[in-house]
Amino acid sequence: GQRLSLYRFRHNLFQSYLYEDLGPTERELLHEDVGDALEALYGEQADEIVVQLAWHFEKAGVREKAGHYLRRAGEQARRQYAYEEAVAYLSRALELLETIPETPERARRELDLQITLGVPLAHARGHAAPEVEVAYARAQELCVRVGDTSQRFQVLLGLRRYHFIRGELQMASMLGEQLLSVAQSLRDPVYVSRAHMMHGEILYWLGEFAQAREHCEAGVALYDPQQRRSHLFLYGNDPGVVCRLMGALALWHLGYPDQALAMSQEALDQAWALSYPYTLVFAHFFHAMLHQLGWEVHAVREQVQEVLRVSAERGFALFLACGTILRGWALVQVGLEPLEGQSVVGQAQVEEGIGQINEGIAALRAIGAA
């Protein structure tokens, strides 16, 4: 309902000269005036200009408001799958928070920021990256002082995932049991479903296939599709999809290959319906693994192509490395199949495949994964 006049400098050099000519105090006051005016003009639509507001209030020295808008910018970037941008905004918000005197309120805000930072950090840098542990370890320390049970759940989940990807399975299993206990104390099926998913995943890799299947089935039974969108952004994966994928792998090892393939295909279909990039790449990778167990080389190659495409687009370091290994495996198998009418294997393909496997292993080690 307001008519605005917009002005532009004839050249940005004029703007730069006049801006530098302002005294520091005058500059701060003008930035604050602009920030306040933009807040008033945009009101509930302030999400459209959160980065601009954060910049003005930081330049004005209004650190609390700057941190607030940086956090909103980080959440916005995370929802748009721009994980490196989210990490940058949230890290800057934490830096500004450190300049504020320590109080219980500041500790609560830092805990919230560290937890929010965990998921985009893990997606962008890999779940086993050192900075992921730093974020969650600090969050765990703060949780003891000012956190609630749901925040403790989020912190345990992040730490469990960190140790799991590093190959520290016994530690991850212990954290998984704690996670399940905390989820049950919350008496919320959404948390309990996710905790079953996490523990089922660990048990699969420990070779406890029957137990893994039980936890995955329990996770599916408690899964609430209505809650999935908000929890996807909060935790980074969908328990309905993951429980079916890990349950399918457990079924294969228990001697039910047809049931396993049907369940895995159902999980892949759900992942496509969700259209959440991380869950989608997760589904394609584990569907490929199931085909690998069945020695279906061409099906593996088809699935891995999608894993690498989405991972390259979104910067998923973990699945770029894992997908490269699986693609190398498939290439070796193709090379080992003699050409029609010949007895000679494709030596060049075998060597290229081995090279890709080594490349993938090196990439995993570079992000701390085992």
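Guide: Keep in mind that the model is a predicted one. The chain has 18 helices and zero strands, and its C-alpha trace spans about 80 × 50 × 40 Å along the principal axes. If you take contacts between residues at least 6 apart in sequence, 62% of them join residues at least 24 apart.

Now for the close look, at the pair α8 and α10. Helix α8 covers residues 149-165 and helix α10 covers residues 189-205. Two packed helices are described by the angle between their axes and the distance between the axes. Here the angle is about 15° and the axes are 12 Å apart. Angles under 35 degrees count as roughly parallel, and α8 and α10 are therefore roughly parallel to each other. As for handedness, α8 passes α10 in a left-handed crossing. On the α8 side, the contact is made by S150, F153, L157, R160 and F164. On the α10 side, Y191, R194, A195, M198, E201, I202 and W205 take part. Sort those residues by class and you get eight nonpolar, one polar and three charged.

An α-helix has 3.6 residues a turn, so residues three or four places apart point the same way.

That idea comes in handy for another helix, α3, which runs over residues 50-59. Its buried residues are V50, L53, A54, H56 and F57. Looking down the axis of α3, you'd find these buried residues within an arc of 165°, so they line one face of the helix. What covers them? After α3 comes G61, with a positive phi near 80°.

Is G328 buried or exposed? Its relative accessibility is 0%, so G328 counts as buried. Setting aside neighbours within four places in sequence, G328 is in contact with G353, Q356 and I357. Take Q356: 28 residues separate Q356 from G328 in sequence, yet their C-alpha atoms are 4.8 Å apart in space.

Note on methods:
Residues are numbered from 1 along each chain as its sequence is written. This is a predicted model: local features need pLDDT of at least 70, side-chain atom pairs count only at pLDDT 80 or more; totals for chains, interfaces and linings use all residues. Side-chain values use heavy atoms; hydrogens and water are left out. Buried means under 20% relative accessible area, exposed over 50%, partly exposed in between (1.4 Å probe, protein chains only). Helices (H or I, at least four residues) and strands (E, at least two) are DSSP runs, numbered from the N terminus. The arc is that of the directions from the helix axis to the C-beta atoms. Axes are lines fitted to C-alpha atoms, for helices over the stretch in contact, and angles run from 0 to 180 degrees between N-to-C directions. Angles under 35 degrees count as roughly parallel, over 145 as roughly antiparallel, 65 to 115 as roughly perpendicular and the rest as oblique. A crossing is left-handed if the near helix is turned anticlockwise from the far one by less than a right angle, and right-handed if clockwise. Contact means heavy atoms within 4.5 Å. Ala, Val, Leu, Ile, Met, Phe, Trp, Tyr, Cys and Pro count as nonpolar, Asp, Glu, Lys and Arg as charged, and the others, Gly among them, as polar.
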